Amino acid sequence: MELFYFLVFGGLSAVVAALEFSKSNKDRINTSSAFNSFKNNYLIVYSLMMAGDWLQGPYVYYLYSTYGYGKGEIGQLFIAGFGSSMLFGTIVGSLADKQGRKRACVTYCITYILSCITKHSPQYKVLMLGRILGGIATSLLFSAFESWLVAEHFKRGFDQQWLSLTFSKAIFLGNGLVAIISGLFGNVLVDTLALGPVAPFDAASCFLAIGMAIILSTWTENYGDPSENKDLLTQFKGAAVAIASVSSASLLLPILTTFVVAPSKVKGGGISFSGCIQLLGFCTFESCVGIFWPSIMKMRSQYIPEEARSTIMNFFRVPLNIFVCVVLYN
């Protein structure tokens, strides 16, 4: 079974490498050293933030089950997380636009670290608090960092075309390479080193703390630009039309996989033909997600008004969170 996984991963890696090296010089965008330094700094921080998120995902359900909770109680915890993201998302988004995106990013780190700390307690109320904190942190992760990047990019006078380079690299690293490494690292902590299901959450806290230190020492503050608030309703409608809610599938998938692909104590075994087809279908879906995310980020940078970017981005997540909560409830 593992051999098949490695063959699929190796084949896909070869395809990506071939596509990258097949680019001609005219396909490559020439940038400045100042932009490269800015981009690399953001990518380091974004990768650390995503590592803190990816380390937790595979072990949330497993941790709750080791504490003796059933599917019903675990489902309630997941609903609480997405419900808090839905309820508090627009609030924290508005605060990010008004009080500063850098502060919002630091708040994300602190909130998620506190959420990780709650995983050490088997008490249901403490775990519920952790899910609520995690929901708030998720809202900040998918709005504050991108809002800071877009505002800072244009504030420094960089070419708009260069923004797509940062988005594509961020998805490749944060949602691709870092996700793979985080999964392997989490497996080493839990299985190889036998540190227990809480170990990935402690490791996530460390990565988040390192990222927060970089933010505090290297990032400058930026806010929503009030000069663009003319005809905000029209801009909002344009953004709503341009950015469809097709991301609900990419939001729901990680939650369903925590139920369906929970860590197993059974080692070895083969994989059936239907299992191979499911894996290939999963890889195809994830390839589409890989195309979707940098594209939607680029569209958001063009259509969402700057003065309320974080607020509107979180507003778009409200129907997605409702959709996920309904699916989990049923």
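Predicted model: local features only at pLDDT ≥ 70, side-chain atom pairs only at ≥ 80, totals over all residues.
Author: Let's start with a term: the bend at a residue is the angle between two fitted axes, one for the seven residues ending there and one for the seven starting there. Residues are numbered from 1 along each chain as its sequence is written, and side-chain values use heavy atoms, with hydrogens and water left out.

Reader: Okay. How many helices and strands are there in the protein?

Author: Helices are DSSP runs of H or I with at least four residues, strands are runs of E with at least two, and both are numbered from the N terminus. Here you get 13 helices and zero strands. Read from the N terminus, the elements go α-α-α-α-α-α-α-α-α-α-α-α-α.

Reader: Where does α4 bend?

Author: At F88, by about 45 degrees. The helix covers residues 71–99, 29 residues in total, and spans 39 Å from its first C-alpha to its last. That's close to the expected 42 Å, where the expected span is 1.5 Å times one less than the number of residues.

Reader: Which residues of α8 are buried?

Author: First, the general idea: an α-helix has 3.6 residues a turn, so residues three or four places apart point the same way. Buried means under 20% relative accessible area, exposed over 50%, and partly exposed in between, using a 1.4 Å probe and protein chains only. In α8, the buried ones are L163, T166, F167, A170, I171, G174, V178, A179, S182, G186, L189 and V190. For the protein as a whole, 45% of the 330 residues count as buried.

Reader: What is the phi of A194?

Author: Most residues other than glycine have a negative phi. A194, though, has a positive value, near 55 degrees. You'll find A194 in the loop between α8 (163–192) and α9 (199–218). A194 counts as exposed because its relative accessibility is 60%.

Reader: How many aromatic pairs are there in the whole structure?

Author: A pair of aromatic rings is described by the distance of the centres and the angle of the planes. Rings of Phe, Tyr and Trp (its six-membered ring) pair if their centres lie within 6.5 Å; planes under 30 degrees apart are stacked, over 60 edge-to-face, and the rest tilted. The search turns up 16 such pairs. One of them joins Y42 and W148, stacked at 6.4 Å centre to centre with 10 degrees between the planes. This pair links distant parts of the chain, 106 residues apart: Y42 sits in α2 (residues 33–54) and W148 in α7 (residues 144–155). Both Y42 and W148 are buried. F158 and W162 make a tilted pair, with 6.2 Å between centres and 35 degrees between planes. F158 counts as buried because its relative accessibility is 12%, and W162 counts as buried because its value is 14%.

Reader: Which residues do the ring pairs link into a cluster?

Author: The cluster holds F35, F38, Y42, Y46, Y108, Y112, F145, W148, F158, W162 and W219.

Reader: Last one. At what angle do α2 and α9 pack?

Author: Two packed helices are described by the angle between their axes and the distance between the axes. The axes are lines fitted to C-alpha atoms over the stretch in contact, with angles running from 0 to 180 degrees between N-to-C directions. For α2 and α9, the angle is about 155 degrees, with the axes 8 Å apart. So α2 is roughly antiparallel to α9 (under 35 degrees is roughly parallel, over 145 roughly antiparallel, 65 to 115 roughly perpendicular, and the rest oblique). The axes of α4 and α6 (residues 124–141) come within 7 Å and cross at roughly 40 degrees, so α4 is oblique to α6.
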